[in-house]
Amino acid sequence: MTCSFSTGWFRKGELPPIRRDCLAHEEAVGRCLLKTDTAAAVGSLVDEKEAANNCCLVAHRTGTVVVWQLPFGRTSDGNELLFWLVQQRKIKQRVAAVFLVQQREIRQRILKTSTMASNNLSVLEALDTAKTQWYHAKAIVIAGMGFFTDAYDLFCISTVSKLLGRLYYSDHSDGKEPGKLPTSINNAVIGVALVGTLSGQLVFGWLGDKLGRKKVYGITLVLMVICAVCSGLSFGYSPKAVITTLCFFRFWLGFGIGGDYPLSATIMSEYANKATRGAFIAAVFAMQGMGIIFAGLVSMIVSHLFLKANQAPAFETNHVLSTQKNADYAWRIVLMLGALPALLTYYWRMKMPETGRYTAVIEGNAKQAAADMGRVLDIEIQAEQDKLAKFKSSNDYPLWSGKFVQRHGRHLIGTMSTWFLLDIAFYSQNLTQKDIFPVMGLTKKAHQVNALEEMFETSRAMFVIAMFGTFPGYWFTVAFIEKLGRFRIQLMGFFMMSIFMFIIGIKYDDLATRENRWLFAILYGLTFFFANFGPNSTTFVLPAELFPTRVRSTCHAMSAAAGKAGAMVGAFGIQTYTLKGERSKIKRAMMILAVTNMLGFFCTFLVTETKGRSLEEISGEDGSKDKAETQMSNRGHDEEQEN
């Protein structure tokens with residue numbers, strides 16, 4: 001006697017949990033994917049060998065099976081049921097189980113045994129397998145607006161730094177060149193926010209694991225709003241007073257921004273399902289591209305409005321009148337507007353519940369986690385407080401223990417080194433492009449324009465590069481990260497950035513001409529494209545997936561802080577090559593950046609692919625690494641006995 005039905009196609013590595021709603025009727029088809037240890041646990045209910053031999057496998061492709069018909073089997077206690085397994089090829093320790101249960105008591109025994117055999121909590125499995133819904137989109141927007149603000153605040157300074165030089169460091173007795181910020185002052189104005197960001201990442205990342213993601217998330221947002229507004233204020237009129245005030249508040253602005261990095265990534269990774277987790281985290285980070293675009297756009301609009309109301313001659317015509325007095329308001333408005341998007345999302349951030357993983361795994365409150373996530377996902381989730389104790393006991397090793405180093409040390413070195421090397425190049429490009437635009441012919445020479453015209457042209461060029469080079473790369477990552485995987489995208493991005501920067505460095509003298517300016521702009525734009533459709537996105541995603549829940553925020557913070565250390569190398573080191581616009585030095589800078597990108601390519605081999613796996617499986621919190629270590633230990637013990 002046989003019964004025919006279709007299971008549908010399962011992708012390789014996708015392991016949906018038991019569908020309890022499929023078991024509502026006496027003759028219902030239930031679908032599940034069980035680990036081999038689970039199959040052994042329910043082995044008392046069925047003769048595995050007989051059932052497996054009688055299964056009819058009619059079609060398969062790589063990592064996929066379809067089961068059409070299964071015969072009746074008979075268990076040891078005489079109950080009849082339609083049951084069993086087809087082992088999927090090329091999926092390690094995975095078994096595809098399809099069953100039709102005829103008697104309610106057997107059905108309940110299988111469900112109970114299957115649940116007991118899994119070491120994971122129901123609330124975590126529910127999050128991993130939840131369908132994409134409106135709440136996920138809202139979480140992306142709420143977390144993403146923080147990143148929008150981060151990028152705006154960090155990069156808008158590039159559009160106004162030259163204006164600051166004209167306003168406060170002009171030497172009218174000379175009249176040869178417009179005023180410029182001295183190198184040390186320029187490095188301080190550009191780089192102080194990065195120093196604050198690095199500090200904030202480490203502090204708030206650690207607090208995110210100790211106090212909770214949601215609580216610390218609100219603190220960072222308030223700090224960003226206050227300091228963005230205060231960045232446009234000055235305690236005095238002298239250049240020293242203005243720059244000191246600006247640097248002070250931009251440090252603390254960066255401190256708040258730093259906290260947003262690990263918390264946004266961790267919150268999104270812990271809310272997302274495993275099928276689209278990478279795309280969701282990348283979408284949050286893609287708001288950085290929007291922030292860079294708006295930094296150029298807002299600066300362009302503000303400078304244009306001031307320019308229309310304050311006409312002035314070019315510097316070469318009149319070096320005194322070329323700097324409009326009202327331009328002092330323009331840069332302040334641009335900086336202060338950075339508070340607006342953060343302020344608008346504060347209410348919604350505070351309405352978000354704490355992540356289920358933090359509540360269950362770190363706070364130890366499985367009941368609250370099940371209630372919060374059940375309300376969010378609109379499903380009923382079992383609390384499993386008793387099971388939580390076992391889950392936590394197998395994952396209690398501290399951050400710097402030998403067990404952590406053995407399991408995650410290589411990955412932590414990989415995420416820190418790749419982010420460090422990437423940000424040397426990425427921030428060098430963004431912060432120094434104002435110096436390269438005139439060489440590319442995208443802006444006029446400084447003496448050919450007045451102060452607000454220079455600000456407008458710098459902002460316009462930054463907007464164009466961001467719109468057509470930077471922005472598309474982010475969304476290519478969102479579209480392809482679950483198809484190509486994080487590892488491949490990162491390798492490709494580092495390699496292509498190296499190639500284009502080598503070309504620019506080697507052919508710089510030929511490219512930096514009026515005839516080849518558009519070719520130069522295209523090559524320069526492609527380096528931005530592959531930075532974002534590459535390591536700039538993936539270095540943000542991977543640390544949010546590779547590490548255990550209780551140290552996830554801290555490890556992401558350490559990786560991001562390494563990135564900001566690289567950004568400081570770019571701001572304080574590479575920028576010295578480009579500040580005066582000398583071709584030989586810009587050429588040398590491009591060659592240095594090409595080498596750092598190639599180093600990043602090789603360091604990528606220290607991390608692993610995380611696509612399609614749950615956070616607990618990746619980090620070993622589900623007990624899989626404990627079992628592997630036990631098996632290796634037993635094998636070594638057996639070999640010693642044989643010898």
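I looked up Trp331 and found it in contact (heavy atoms within 4.5 Å) with Val160, Leu163, Leu164, Leu167, Tyr168, Ser231, Val242 and Leu246, leaving aside neighbours within four places in sequence. The model is predicted, so I note that local features need pLDDT of at least 70 and side-chain atom pairs pLDDT 80 or more, while totals for chains, interfaces and linings use all residues. Residues are numbered from 1 along each chain as its sequence is written, and side-chain values use heavy atoms, with hydrogens and water left out.

Next I looked up the cores. A nonpolar core is a set of buried Ala, Val, Leu, Ile, Met, Phe, Trp, Tyr and Cys residues joined through side-chain atoms within 4.5 Å; buried means under 20% relative accessible area, exposed over 50%, and partly exposed in between (1.4 Å probe, protein chains only). The largest one has 140 residues, and Tyr261, Met268 and Trp331 touch the most other members. Helix 10 (residues 277-309) gives the largest share of this core, 17 residues.

Then I turned to Arg250, which sits in helix 9 (residues 239-271); a helix is a DSSP run of H or I, at least four residues, numbered from the N terminus. Arg250 is buried but has no salt bridge, and the nearest side chain of opposite charge, Asp153, is 5.9 Å away. A salt bridge needs a side-chain nitrogen of Lys or Arg within 4 Å of a carboxyl oxygen of Asp or Glu. I did find the side chain of Arg250 reaching the backbone oxygen of Asp153 at 2.9 Å.

Last, I checked Lys214 in helix 8 (residues 213-230). The side chain of Lys214 reaches the backbone oxygen of Met350 at 3.1 Å.

Conventions:
Helices (H or I, at least four residues) and strands (E, at least two) are DSSP runs, numbered from the N terminus. Lys and Arg count as positive and Asp and Glu as negative; His and the chain ends are not counted. A polar contact is a pair of N or O atoms within 3.5 Å; within protein, one must be able to donate a hydrogen and the other to accept it, and residues adjacent in sequence count only if both atoms are side-chain atoms.
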